[in-house]
Amino acid sequence: MTRIVAAALFALAAAAPAAAQNFPTGERNSNMRDSVTGYLCVTPGCDVVRLPQSNCICEKQNPNEQRLSDLRLECFTRQGGGWVACPVTPRYGAGN
């Protein structure tokens, strides 16, 4: 993963709680979900999502893909002060 992507993911993860509060959801205290995976969105465009039941965030490698079977995700988590590949495999399209 390039340093630019790592920096962007770090910024997104740090901003996620604040950004989630600003999403227009139509319901109080609810979070926006990605229409393809059903995962919680980290970014307003849902190009970064959070894996359920983990501390992993996933970047969509093909964010415009609407078919679940063709969606590719690359997932990371913070460990030891840096970003590492997520030890949890997403249900849908592990990246590469």
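Glu65 counts as buried because its relative accessibility is 18%, where buried denotes a relative accessible area under 20%, exposed one over 50%, and partly exposed a value in between (1.4 Å probe, protein chains only). The structure described here is a predicted model, in which local features need pLDDT of at least 70 and side-chain atom pairs count only at pLDDT 80 or more, whereas totals for chains, interfaces and linings use all residues. Residues are numbered from 1 along each chain as its sequence is written, and side-chain values use heavy atoms, with hydrogens and water left out.

Side chains of opposite charge can pair when their charged atoms come close. A salt bridge is taken as a side-chain nitrogen of Lys or Arg within 4 Å of a carboxyl oxygen of Asp or Glu, and by this rule the count comes to 3 salt bridges. Glu65 takes part in one of them, with Arg67 as its partner and with 3.6 Å between the closest N and O atoms.

Helices (H or I, at least four residues) and strands (E, at least two) are DSSP runs, numbered from the N terminus. Both Asp34 and Lys60 are buried.

The strands are arranged in an open sheet of 5 strands, which has the order S1-S2-S3-S4-S5 and antiparallel pairing. The edges of this sheet are S1 and strand S5 (82-85), each of which pairs on one side only; two strands are said to pair if DSSP finds at least two bridges between them. Strand S3 and strand S4 (residues 73-79) run antiparallel and are joined by 4 bridges. For Glu59, the bridge partner in S4 is Glu74, and for Cys58 the partner in S4 is Cys75. In a regular strand the side chains alternate between the two faces of the sheet.

The pairing of S4 with S5 is likewise antiparallel and extends over 4 bridges, with Gly82 in S5 as the bridge partner of Gln79. These two strands, S4 and S5, form a hairpin with 2 residues between them, and Gly80 in the turn has a positive phi of about 60°.

Positive phi values also occur in residues other than glycine, among them Cys46, for which phi is about 60°. Cys46 is placed in the loop between S1 and strand S2 (48-50), and Cys46 counts as buried because its relative accessibility is 6%. Gln53, which is not a glycine either, has a positive phi near 55° and is found in the loop between S2 and S3. With a relative accessible area of 86%, Gln53 is exposed, whereas Cys46 is buried.
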